[in-house]
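Please keep the sequence and the 3D view at hand.

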Amino acid sequence: MLEVMTNTRRATIGRPREFDVDEALERAMRVFWEQGYEGASLTDLTAAMGITRTSMYAAFGNKEDLFRKALERYSVGPSAYATRALEEPTARAVATAFLHGSVDTTTDPGSPSGCLGVQGALAAAPADRAIRDFLADWRNAACSRLEDRFQRARDEGDLPPTSDPALLARFLMAVSSGIAVQAASGAGRDELHRVADAALQNWPPI
């Protein structure tokens, strides 16, 4: 009898998952994107993913683990424009690609409005401090990459020697976050592209 139970357990453990992990993570990402971390309940997440809580825990860990994986997916997917912008040949082109990429992503009709990195932290409960800190680190890392790129631009003479790379990076992050909030509030794509153009009209602004 013990042998039969052991064999059954082994068969269960060795059984392949009956769902597409990438697809489930994509769906979880979209739930977090639309509802934020706190607003996305486990019921919402598992329903969208088409799996049970047990399967979710087995494949992704707890809700916090799932969110971290979802944000990683967002970073290399919808938010990849931020990385691509750094490859532009001039500081102005970097800023232009960054802000207009933000508009396109946050107003994509096939995706939730706004930005997962901004939406995820809104109205977070005190118990979710780790998530707020994680998102702050994520945003600050993006700001640091922009700062490094603008430092290189200044060193190469592409920006005036009096330019402040850190301030330029923070300026773009602030405008981008504002764009995301406006998009989540219903602002249209054309209007927000004009906002981006206005922010870039006197580049560099300092």
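## Overall fold

The model is predicted: local features need pLDDT of at least 70, side-chain atom pairs count only at pLDDT 80 or more, and totals for chains, interfaces and linings use all residues. Residues are numbered from 1 along each chain as its sequence is written, and side-chain values use heavy atoms, with hydrogens and water left out.

The chain has eleven helices and zero strands. Helices (H or I, at least four residues) and strands (E, at least two) are DSSP runs, numbered from the N terminus. Of the 206 residues in the chain, 40% are buried. Buried means under 20% relative accessible area, exposed over 50%, and partly exposed in between (1.4 Å probe, protein chains only). Contact means heavy atoms within 4.5 Å. Among contacts between residues at least 6 apart in sequence, 68% join residues at least 24 apart.

## Helix pairs

Axes are lines fitted to C-alpha atoms, for helices over the stretch in contact, and angles run from 0 to 180 degrees between N-to-C directions.

| Pair | Angle | Axis separation |
|---|---|---|
| α3 and α4 | about 85° | 10 Å |
| α7 and α11 | roughly 160° | within 9 Å |
| α10 and α11 | roughly 165° | within 11 Å |

Angles under 35 degrees count as roughly parallel, over 145 as roughly antiparallel, 65 to 115 as roughly perpendicular, and the rest as oblique.

Take α3 (residues 42-49) and α4 (residues 53-60), which pack at an angle of about 85°. The two helices are therefore roughly perpendicular. From α3, Leu-42, Thr-43, Thr-46 and Met-49 meet Arg-53, Met-56, Tyr-57 and Phe-60 of α4. By class, this contact has five nonpolar, two polar and one charged residues. Ala, Val, Leu, Ile, Met, Phe, Trp, Tyr, Cys and Pro count as nonpolar, Asp, Glu, Lys and Arg as charged, and the others, Gly among them, as polar.

An unreviewed UniProt entry lists residues 41-60 as "DNA-binding region". UniProt positions are given in the numbering used here, feature names are shortened, and annotations may be inferred rather than shown by experiment. The span 41-60 is 80% helix and 0% strand, and its end C-alpha atoms lie 15 Å apart.

Helix α11 takes part in two of the tabulated pairs. The axes of α7 (residues 91-106) and α11 cross at roughly 160°, so the two are roughly antiparallel. Their crossing is right-handed. A crossing is left-handed if the near helix is turned anticlockwise from the far one by less than a right angle, and right-handed if clockwise. On the α7 side, the contact uses Arg-92, Ala-95, Thr-96, Leu-99, His-100, Val-103 and Asp-104; on the α11 side, Arg-189, Leu-192, His-193, Ala-196, Asp-197, Ala-199 and Leu-200. The classes are seven nonpolar, three polar and four charged residues.

The axes of α10 and α11 cross at roughly 165°. That makes this pair roughly antiparallel. α10 also passes α11 in a right-handed crossing. Phe-171, Val-175, Ile-179, Gln-182 and Ala-183 of α10 contact Leu-192, Ala-196 and Ala-199 of α11. Here the classes are seven nonpolar, one polar and no charged residues.

## Single residues

Ala-28 sits in helix α2 (residues 21-39). Ala-28 counts as buried because its relative accessibility is 0%. Beyond its neighbours within four places in sequence, Ala-28 contacts Leu-45, Met-49 and Leu-66. Met-49 also belongs to the α3 side of the contact with α4. Ala-28 and Ala-70 are 42 residues apart along the chain, with 6.7 Å between their C-alpha atoms.

Pro-78 lies in the loop between α5 (63-76) and α6 (81-85). With 26% relative accessibility, Pro-78 is partly exposed. Setting aside neighbours within four places, Pro-78 touches Met-29, Trp-33, Arg-73 and Thr-105. Its C-alpha atom is 8.9 Å from that of Thr-106, 28 residues away along the chain.

Ser-163 is in the loop between α9 (129-155) and α10 (165-184). At 2% relative accessibility, Ser-163 is buried. Not counting residues up to four places away in sequence, Ser-163 touches Arg-154, Leu-168 and Pro-204. Pro-204 is placed in the segment after α11 (189-200). Most peptide bonds are trans. The bond from Trp-203 to Pro-204 is cis, with omega near -10°.
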